[in-house]
Amino acid sequence: MLRNAYVRLVPKKILAENFVFHLHYRWTVILLLICSFIITCRLAKGHSFSCLSAPAYSQEQLETHCYADYVYSLPVQLLKHHAVNSASSIDPVVHGFRRYQEFYPWVNLLFLIHAFNFYLPHLLWKYYDSGYMTRLISGLELAGGKDDKRGFELCYLAKYVLATQGKHKLYTGMYIFCEVLNYSIALSHTLWLVHFFIVTGVPEFLPIQVSTWSDFQKFYFPPTGVCSVTVNKTHHQTTCFLPLNKLYMIMFLFIHAWYIFLTIVSGMVLLYRIILLFPAQRVAVMKFSAPWAEKETLKSLCHRLSYSDWFFLIRFQRVMTDIDFAQMLDKIAIVSACKTCDQNDEDNRSSFISDDGHKELGSSTATSPV
């Protein structure tokens with residue numbers, strides 16, 4: 001019952017790679033691209049940054065200068081019951097503390113870089129795999145609903161799995177490397193996001209408490225800031241408006257929570273890989289993923305195959321039906337137990353397939369297992 005619910009929530013085409021993989025390269029990338037697109041549209045529309053006028057500066061020059069040199073906020077203004085003669089107001093460290101809004105012009109570019117980084121592990125695996133499993137089972141697709149042809153194709157796959165035992169270490173290692181890369185990217189980008197938006201906490205010397213959402217916005221994403229300009233050796237300060245900061249705050253909170261979720265589930269996948277080093281745990285996984293197979297067959301295979309060979313075998317379940325996978329496991333157990341091969345397999349295979357089908361197999365590279 002639990003497995004049926006899982007299969008309905010996670011279709012086979014997603015399972016063909018990995019559901020957590022899918023969260024990284026599909027959902028996360030789409031989320032980041034949408035955020036970047038929204039910000040770009042707001043920037044193109046205008047009214048994303050403006051400043052009050054300053055002496056000897058045209059409005060365009062002033063806004064260009066302030067936008068390039070970054071606007072800063074003065075958190076001392078957030079002190080409640082701020083008195084002119086209070087100790088905090090005369091403390092030069094507190095009074096002169098500035099929070100520069102360095103992230104303001106670069107948020108859309110940051111999300112684009114993050115989107116590419118999250119897509120990178122999938123790109124590496126896709127380049128390495130190159131549809132390997134799909135080519136292996138192409139014979140099943142050509143066989144269609146004919147049981148004799150499907151039976152022979154399953155026997156062929158069973159012998160191929162046994163014939164290539166011990167040769168799947170690089171394949172398995174590359175896949176796990178991509179999963180480690182997923183975890184590393186999720187963790188590092190969570191920290192990167194926090195430091196990019198400078199949401200690293202209130203300095204200890206500031207007597208400010210960020211206890212409400214309003215305080216959080218005013219301290220980290222203020223709606224206005226201050227820009228300093230110098231005209232004829234005279235220092236001027238002007239107020240600048242940051243209308244995108246509220247949008248940035250919402251995006252930061254949502255994406256930061258999503259990154260934490262990705263880090264947790266990616267770490268759970270790596271822990272799951274470590275647990276599967278024990279054959280008994282691999283048996284439990286096989287029982288869940290192959291409900292039509294005999295339990296004794298599963299136990300025999302899991303204890304006989306190495307971790308890399310078992311990983312390669314379980315990959316077939318991602319791209320085959322449950323019944324085909326169970327039949328293939330039975331054939332692997334039989335062939336492995338007998339340790340003999342029929343020398344006329346190739347001739348029998350040709351006799352099972354019609355002339356047209358044989359020509360299609362011979363002319364298609366998709367039927368090659370390599």
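Where is the place of Asn108? Select Asn108 and you land in helix H7 (helices are DSSP runs of H or I, at least four residues, and strands are runs of E, at least two, numbered from the N terminus). A word before we go on: this is a predicted model, where local features need pLDDT of at least 70, side-chain atom pairs count only at pLDDT 80 or more, and totals for chains, interfaces and linings use all residues. Residues are numbered from 1 along each chain as its sequence is written, and side-chain values use heavy atoms, with hydrogens and water left out.

Asn108 is buried, with a relative accessible area of 16% (buried means under 20%, exposed over 50%, partly exposed in between, with a 1.4 Å probe and protein chains only). Leaving aside neighbours within four places in sequence, Asn108 is in contact with Ser36, Ile39, Thr40 and Leu43 (contact means heavy atoms within 4.5 Å).

Next, colour residues 25-44, 106-125 and 247-272, which an unreviewed UniProt entry annotates as "transmembrane region"; such annotations may be inferred rather than shown by experiment. Residues 25-44 are 100% helix, with end C-alpha atoms 28 Å apart. Over residues 106-125 the chain is 95% helix, and the end C-alpha atoms are 30 Å apart.

Stay on H7 and pick Leu112. Leu112 is partly exposed, at a relative accessible area of 41%.

Now for the salt bridge: the structure holds 1 (a side-chain nitrogen of Lys or Arg within 4 Å of a carboxyl oxygen of Asp or Glu). Select Glu179 and Arg273, whose closest N and O atoms are 2.8 Å apart. The pair links distant parts of the chain, with Glu179 in helix H11 (residues 169-196) and Arg273 in helix H13 (residues 245-275), 94 residues apart. Both Glu179 and Arg273 are buried.

Last stop, the rings. How many aromatic pairs does the structure hold? There are 32 aromatic pairs (rings of Phe, Tyr and Trp, its six-membered ring, with centres within 6.5 Å; planes under 30 degrees apart are stacked, over 60 edge-to-face, the rest tilted). Show Tyr67 and Tyr104: their ring centres are 6.4 Å apart and their planes at 85 degrees, so the pair is edge-to-face. Tyr67 sits in helix H4 (residues 59-69), and Tyr104 in the loop between strand S3 (99-100) and H7. Tyr67 is partly exposed at 28% relative accessible area, whereas Tyr104 is buried at 3%.
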